[in-house]
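Hi,

Here's the structure I said I'd pass along.

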Amino acid sequence: MKKQIKKVVLAYSGGLDTSIIIPWLKENYDNCEVIAVAGNVGQAAELEGLEEKAIKTGASKLYIEDMQDEFVDDFIFPTLKAGAVYENKYLLGTSFARPVIAKRIVEIAKAEGADAICHGCTGKGNDQVRFELTIKAFAPTMEIIAPWRIWDIKSRDEEIDYAEAHNIPLKISRETNYSKDMNLWHLSHEGLDLEDPANEPQYDKKGFLELGVSPEQAPDQATYITLTFEKGIPVALNGEKMKGADLIKALNIVGGANGIGLADIVENRLVGMKSRGVYETPGGTILYHAHEVLETICLDKATQHYKQQIALKFADIVYDGQWYTPLREALSAFVDETQKTVTGEVKLKLYKGNIINAGVTSPYTLYSEEFASFGEDEVYNQNDSAGFINLFGLPIKVKALLDEHKVK
């Protein structure tokens, strides 16, 4: 061991990895004190019985920190406003949940006088980077313990063996041993049959989907909803104002019931390998769609197109765990400036996995029916386009004339 460790703060979810880490830490670090920290970012039922389980497996105490509002206001909504989507499909549900949790863990570790912070992320995944970059941002000299990089356990089956040998209760079996991550934004599924991209996800298998149903099982009648935005932030559903976390939860219910937000992705992990996962993001998918629709009438062409470019970089930054960096802060400042006029209402029709536009309005709309009309108007002189085309096409014309000259 690098140094004597007397007190460790553990990022604790109560899942397979962190359940066995508590006794493993005490076995391998001279019966050190283990303080568990669970960040409540909306994983609901997963928090039930967590304190009793943590104490029984060797923790001295468990902090359950409710960070749902901070998670939504300071991480989800800035990413939504940026329009950031990783590799066209992934709405970053796990990615932006890690920095908010890790930051709070650092605060508790400092308050407790801990010697180290421990996490249960594997050496193959992205989360180890997200946790550790945040820890470095707020506690640059803190010791970090990552058991998956140093213990003898090599698989989830061996983890279950360890849990059984130490009488640690688990909510999973070897047959249902998907690796899952739940928060109020999404639920991810990895492992088992999903590891082979040739296998179709078992959407209709009982217990697989948790936030909704498959499109085939959705109602035969469409559901209409209206979302209200103020400066790029969703503030009301069907005219009812509510805080962000509650709005997302409400959209998860209506979206899930209509088969919205299922994504089957083979993504490029930060560490270099490809990984296949299935994501349920019903509310988030609706919000991204609605926000994009509203921007089409509220942003000018140049701003809209440039913002689409920085959205790609923003997504990479979030995915790669670089939330607490000057570049992310600078990009967020740019995004906030673009959102000053993104205010209005978007009406959508939800039907069997589809989100269909049903109308959009804004007091700041740049759309002018008078200018765009195919009917007679008094504001646009169509003859003006001839001169514009001559100037816009001048480089093409010059090159063509030169090419003709070369041929002669």
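Below is what turned up, starting with a strand and its partners and ending with a lysine.

A quick word on the basis: this is a predicted model, so local features need pLDDT of at least 70 and side-chain atom pairs count only at pLDDT 80 or more, while totals for chains, interfaces and linings use all residues. Residues are numbered from 1 along each chain as its sequence is written, and side-chain values use heavy atoms, with hydrogens and water left out.

First, strand β13, residues 344–351 (strands are DSSP runs of E, at least two residues, and helices are runs of H or I, at least four, numbered from the N terminus). Its side chains alternate: G344, V346, L348 and L350 point to one face and are buried (under 20% relative accessible area, 1.4 Å probe, protein chains only).

β13 runs antiparallel to β8 (residues 223–230), with seven bridges joining them (strands pair if DSSP finds at least two bridges between them). Here T223 sits opposite L350. β13 is also antiparallel to β14 (residues 354–361), through six bridges, and L348 has N357 as its bridge partner there. The β13–β14 hairpin has two residues between the strands, and K352 takes a positive phi near 45°.

Then there's K53, in helix α2 (residues 50–56). What lies 2.8 Å from a polar atom of the K53 side chain? It's the backbone oxygen of G14.

Cheers

Terms used: Buried means under 20% relative accessible area, exposed over 50%, partly exposed in between (1.4 Å probe, protein chains only). A polar contact is a pair of N or O atoms within 3.5 Å; within protein, one must be able to donate a hydrogen and the other to accept it, and residues adjacent in sequence count only if both atoms are side-chain atoms.
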